[in-house]
Amino acid sequence: LNYYVDNRYSSYGVYGHEEIKIRAKKVYEFLKEEKRIIVSDLDAAGILYKNKNILYGEDSLKRILKDKNILMLTSKNLKENNFIANIVDANFQTLDVTYLINASLCFAGDLVVEEILRQYLEGINLSSYDLIFFAASPLHLYRDLFKKVLNKYRILTNIDPILMDYTYIKENILRDYFYLLAENYLRAKKRLKKEEILNISTWSM
């Protein structure tokens, strides 16, 4: 929902809860007749998850998080309104990592992102947790870095359960491959800057 359709709002987690609520419901009204809507952003999922056609990796979240002690790095909104705690029997400690989310959105260098992460985790005994949950969509962009930095610990990003529950690769790899070809072509023609991605929205609000 967030990146393929509503890329005007690049990450719901950097907005206030009421603003997200209004926006997510507006987008949902436009798409509600679809058989399934994949929501990549848990802030939006927290508002829409009771609708039957909303998918956000629920089955895998329930399986992976059940009975675990979890350190959840997330937005301010999800820290205050952790809807996942209502559907998963687990022990959550939530940490508002807004600056880390913003750094990820800006495609900051690995050293910058790593330093911000280390500052957030300073003084936290990670060994007391079964899993570290990076529960904000932009953080998935640095998944490999987080795995490298936290190689002693099991990590999960909010995109992982979606990919486990939904046959994304089977259904979209061809489409995404052509988007990638198009991006490379446009960069070669200097129509896209290095840090820009192809806007693939087919509608606007």
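A polar atom of the Lys-79 side chain lies 3.0 Å from the backbone oxygen of Thr-94. The model in which this pair occurs is a predicted one. Lys-79 belongs to helix H4, which spans residues 76–80. With residues up to four places away in sequence left out, Lys-79 touches Thr-74, Thr-94, Leu-95 and Asp-96. Asp-96 is 17 residues from Lys-79 along the chain, and the C-alpha atoms of the two are separated by 6.1 Å. The relative accessible area of Lys-79 is 40%, so this residue is classed as partly exposed.

Asn-77 is also located in helix H4. Its relative accessible area is 8%; because values under 20% count as buried, Asn-77 is buried. A polar atom of the Asn-77 side chain lies 3.1 Å from the backbone nitrogen of His-17. When neighbours within four places in sequence are set aside, the contacts of Asn-77 are Tyr-12, Gly-13, Tyr-15, Gly-16, His-17, Ile-20 and Asp-43.

## Lys-21 in helix H1

Helix H1 covers residues 17–31 and contains Lys-21. The relative accessibility of Lys-21 is 31%, and the residue therefore counts as partly exposed. Lys-21 and Ala-44 are 23 residues apart in sequence, while their C-alpha atoms are 7.4 Å apart in space.

## The buried side of helix H6

Helix H6 consists of residues 98–105, and within this helix Leu-100, Ile-101, Ala-103 and Ser-104 are buried. Around the helix axis they cover an arc of only 160 degrees, which means that they lie on the same side of H6. An α-helix has 3.6 residues a turn, so residues three or four places apart point the same way.

What do the buried residues of H6 pack against? Their partners are strand E3 (69–74), helix H7 (110–121) and helix H8 (143–149).

## Residues with positive phi

Most residues other than glycine have a negative phi. Against that background, several residues of this model deserve attention. Asp-67 is a residue other than glycine with a positive phi, near 65 degrees. The loop between H3 and E3 holds Asp-67. Its relative accessibility is 54%, and Asp-67 therefore counts as exposed.

Lys-190, likewise a residue other than glycine, has a positive phi near 65 degrees. Lys-190 is placed in the segment after helix H10 (168–188). Is Lys-190 buried or exposed? At 73% relative accessibility, Lys-190 counts as exposed.

## The second largest pocket

Rolling a probe the size of a water molecule over the atoms shows where empty space is left. The second largest pocket has a volume of about 180 Å³. Its lining is made up of 13 residues, and the closest to the pocket centre are Ile-54, Leu-55, Tyr-56, Glu-58 and Asp-165.

Which elements each supply at least two residues of this lining? They are strand E2 (54–55), helix H3 (58–65) and helix H9 (159–165). By residue type, the lining divides into 7 nonpolar, 2 polar and 4 charged residues.

Notes. Residues numbered from 1 in each chain as written. Predicted model: local features only at pLDDT ≥ 70, side-chain atom pairs only at ≥ 80, totals over all residues. Heavy atoms only, no water. 1 Å grid on protein atoms, 1.4 Å probe; cavity = no way out; pocket = protein on both sides within 12 Å on 5 of 7 lines; lining within 4 Å. Points joined across faces, edges and corners; volume = space filled by probe spheres on them. Helix = DSSP H or I, 4+ residues; strand = E, 2+ residues; numbered from the N terminus. Nonpolar A, V, L, I, M, F, W, Y, C, P; charged D, E, K, R; others polar. Buried < 20%, exposed > 50% of the residue type's maximum accessible area, 1.4 Å probe, protein only. Arc of directions from axis to C-beta. Contact = heavy atoms within 4.5 Å. Polar contact = N/O pair within 3.5 Å; in protein donor to acceptor, adjacent residues only side chain to side chain.
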